[in-house]
Amino acid sequence: MPLTFPQMPDKLTANETTILEYLNRNSNAFLFLNIAQLAAALDVSEATISRFARHVGCRDFKNLKQVVLGQVEQPGPVQKKTAVSAGEEDKLLSCFLEQQKYCLERTLELLDRTQFEQAAQAVADARRVYVYAKNGSRSMAELLTFRLWRIGVDIHRLSAGGSELLEGLATAGPEDLVVVFSFSRLTPVSGSILDLAAQTKYKTLLFTGRVTPDQGHRADYRLFVYRGEETEYHSMAAPAALVDALVLEVSARLGPKAAEQLERLRSLKKHYNKR
């Protein structure tokens, strides 16, 4: 679950949102920073961090650390890597797999289960599903498209940008769902896709690596996935696991429809393999 504090204001400033996001995603690393180092890392002033601490009900920066420390129940990736490196096993492979295990654990801890169930139902109910992603996230869009297509979901990939993207979105309506993969800060295009939903009335599902929503850009459903701290290698192991989990949940909700589609595919393969 996200970190909790003695008090949580209804509204935070942009800088305070940045601080909160960092604490949620990098709670282990935060414990090793002093206020000057944190300010430099986030490009904010020390005074801003002190105000944030008081705003969330802490006496000062030291008390803020104590509050976070009380909620860190397991060693982070850095500590796990150190422990593994002290052994005789293959360091690179073991460290990397330990990191992915931690990413899966953090994803499960911070993921909103209600949002997950609602997102699965939205996919199952949608007339058509559109998927947008760019750069490294395209691999997750490809996986989701392939998996959902196999169980009979009408799914379409959107272009990365330009007029082709707009032409694709022009056919989306109130009965449709647009899935956006944007693990870091929202790109202008991703933000525009979410904003356009207010006009077209399509529903939106965001796969994100940010615990707190981006201000001004709200998705109907948000699925959080943890890919490591900011300075670490960000693999797609945890996102792939979440995509597969979502597909399994959608398949269960589609029931016989999904099973019939898979059976048709199996029959076609069997028929053509005999030729």
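This is a predicted model: local features need pLDDT of at least 70, side-chain atom pairs count only at pLDDT 80 or more; totals for chains, interfaces and linings use all residues.
Close-up 1. R127 lies in the loop between α8 (113–125) and β1 (129–132), while D176 lies in the loop between α10 (162–169) and β3 (177–181), so the pair ties together parts that are 49 residues apart in sequence. R127 itself comes out as partly exposed, at 45% relative accessibility.

**Close-up 2. E109 meets R106 in helix α7.** Here the two side chains make a salt bridge, at 3.3 Å from N to O. E109 and R106 are three residues apart in helix α7 (residues 91–110), so about one helical turn separates them. R106 is buried, its relative accessible area being 8%, whereas E109 is partly exposed at 29%.

**Close-up 3. R253 and E249 pair up in helix α12.** This salt bridge joins the two side chains at 3.0 Å, N to O. Both residues belong to helix α12 (residues 237–254) and are four residues apart, or about one turn of the helix. R253 counts as partly exposed at 33% relative accessibility, and E249 is partly exposed too, with a relative accessible area of 25%.

Side chains of opposite charge can pair when their charged atoms come close. The pairs shown here are among the six salt bridges counted in the model.

Note on methods. Residues are numbered from 1 along each chain as its sequence is written. Side-chain values use heavy atoms; hydrogens and water are left out. A salt bridge is a side-chain nitrogen of Lys or Arg within 4 Å of a carboxyl oxygen of Asp or Glu. Helices (H or I, at least four residues) and strands (E, at least two) are DSSP runs, numbered from the N terminus. Buried means under 20% relative accessible area, exposed over 50%, partly exposed in between (1.4 Å probe, protein chains only).
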